[in-house]
Amino acid sequence: MVIQVRKMKKKDIPLVQHVAKTSWHDTYEGIIPRHIQEQFLQNAYSNYSMKRRLKNSYFFVAETDGTIIGFANYSRSDPDGKVELGAIYLLPAYQGKGAGTALLKEGIEKLQGVREIHLSVEKNNIRAKTFYESKGFAAVSEFDEDFAGHTLRTLRMVLKVKKISL
């Protein structure tokens, strides 16, 4: 399977919304109640929100055979090279096949001067936590977070970026 990563385009929004919804339901089943997932997805991945994020952040999609199978969303936190990784989501059938790694590498390469990548991950999202740890991210804090009335245990993780090969 050949995975290609490119900048997201406005025409990709419906496919990215599909990836977000599918991966959220797969990942957070039993962790976040479905109605809270739906509420979050409607807000964070509405057409308006997607267009705003596309304009104000760095959005990459991963494709195979012309089909979008995942995406990553980065935003620069400060001029000193700190970047926030807001999301890497993949369709469940494509997890563990290199697309997440390709999206992480693209962010490091395209956001020139990246020295640290920061992210938040739900502690019970074992797949994501294991993925990030395997790439060199380390947990730096842990806290409870109110997520639309549901308490989540959140880990903050950081990757110190060097010349790395993922």
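Trainee: Which helices and strands each supply at least two residues of the lining of the largest pocket?

Mentor: In this predicted model, the helices are α1 (13-28), α2 (34-44), α4 (99-110) and α5 (126-134). The strands are β4 (82-90), β5 (116-122), β6 (138-147) and β7 (150-160). The largest share, seven residues, comes from β4.

Trainee: What makes a residue part of that lining?

Mentor: A lining residue has an atom within 4 Å of a point of the pocket. For the largest pocket, 38 residues line the space, and Tyr 28, Ile 88, Tyr 89, Asn 125 and Tyr 132 lie nearest its centre. The volume of this pocket is about 840 Å³.

Trainee: How is the lining of the largest pocket divided by class?

Mentor: There are 20 nonpolar, 12 polar and six charged residues in the lining.

Trainee: Why are β3 and β4 called paired strands?

Mentor: Pairing requires at least two bridges between two strands. Seven bridges join β3 (residues 67-76) to β4, so the two strands pair by that criterion. They run antiparallel, and Ser 75 has Glu 84 in β4 as its bridge partner.

Trainee: What is the order of the strands in the sheet, and which are the edge strands?

Mentor: The open sheet has seven strands in the order β1-β2-β3-β4-β5-β7-β6, with mixed pairing. The edge strands are β1 (4-7) and β6, as each pairs on one side only. From one strand to the next, the twist averages 25°.

Notes:
Residues numbered from 1 in each chain as written. Predicted model: local features only at pLDDT ≥ 70, side-chain atom pairs only at ≥ 80, totals over all residues. Heavy atoms only, no water. 1 Å grid on protein atoms, 1.4 Å probe; cavity = no way out; pocket = protein on both sides within 12 Å on 5 of 7 lines; lining within 4 Å. Points joined across faces, edges and corners; volume = space filled by probe spheres on them. Helix = DSSP H or I, 4+ residues; strand = E, 2+ residues; numbered from the N terminus. Nonpolar A, V, L, I, M, F, W, Y, C, P; charged D, E, K, R; others polar. Axes fitted to C-alpha atoms, helices over the stretch in contact; angles between N-to-C directions.
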